[in-house]
Amino acid sequence: MKYYCLHHKPCIERKEYLLHFFAKHRIVNVEWIEEFLPDSKEVIEYKEVFSPHAADKSGKLSKAEISLLMKHGLAIEKIKYINDYGIIFEDDIQD
């Protein structure tokens, strides 16, 4: 089984916390997905995404939400090619 963690790279404290979390739970070989920062060209140029689930209730996903959406897409794409199960973590999980 393969593990992926969607991580907002500037949040160094989150990664430090998760390194300990993964070690504590014997989760090894985590692949960090750190691409697509909210201010990256890919996210800025991404088409508008309308969703009733937008965090701010505006009906339109923010750049941070689009960033996370793109990270999920990349992780799912990677899982598609490993011929096994994959688990996707977000970097704000708590123990």
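Reply: Buried means under 20% relative accessible area, and exposed means over 50%. Please bear in mind that this is a predicted model.

Me: Why is D91 called buried?

Reply: The relative accessible area of D91 is 7%. The limit for buried is under 20%, and D91 is therefore buried. Its place is in the segment after β3 (86-90).

Me: Why is D56 called exposed?

Reply: D56 has a relative accessible area of 51%. Exposed requires over 50%, so D56 is exposed. D56 lies in the loop between α2 (41-44) and α3.

Me: What makes the pairing of the side chains of D91 and R14 a polar contact?

Reply: The side chains of D91 and R14 are 2.7 Å apart in this contact. A polar contact needs a pair of N or O atoms within 3.5 Å, one able to donate a hydrogen and the other to accept it; the pair therefore counts as a polar contact. The side chain of D91 also makes a polar contact with the side chain of H7, at 3.0 Å.

Me: With which side chain does the side chain of D56 make a polar contact?

Reply: The partner is the side chain of S58, at 2.7 Å. The cut-off is 3.5 Å.

Me: Which residues are in contact with D91, leaving aside its neighbours within four places in sequence?

Reply: They are C5, L6, H7, H8, R14 and L18. Contact here means heavy atoms within 4.5 Å.

Me: Which residues line the largest pocket?

Reply: The lining consists of L6, H7, H8, R14, P38, A64, S67, L68, K71, E90, D91 and D92. By class, these divide into five charged, four nonpolar and three polar residues. Helix α3 (residues 63-80) supplies the largest share of the lining, four residues. The space in this pocket is about 240 Å³.

Me: What makes a set of residues a nonpolar core, and which residues form the largest one?

Reply: The residues must be buried, of the listed nonpolar types, and joined through side-chain atoms within 4.5 Å. The largest such core has nine residues: Y3, C5, L18, F21, F22, I27, V30, W32 and F89. Two or more of its residues come from each of β1 (2-6), α1 (12-24) and β2 (30-33). The largest share, three residues, belongs to α1. Apart from this core lies another, of seven residues, among them F36, V43, A54 and M70.

How values were computed:
Residues numbered from 1 in each chain as written. Predicted model: local features only at pLDDT ≥ 70, side-chain atom pairs only at ≥ 80, totals over all residues. Heavy atoms only, no water. 1 Å grid on protein atoms, 1.4 Å probe; cavity = no way out; pocket = protein on both sides within 12 Å on 5 of 7 lines; lining within 4 Å. Points joined across faces, edges and corners; volume = space filled by probe spheres on them. Nonpolar A, V, L, I, M, F, W, Y, C, P; charged D, E, K, R; others polar. Buried < 20%, exposed > 50% of the residue type's maximum accessible area, 1.4 Å probe, protein only.
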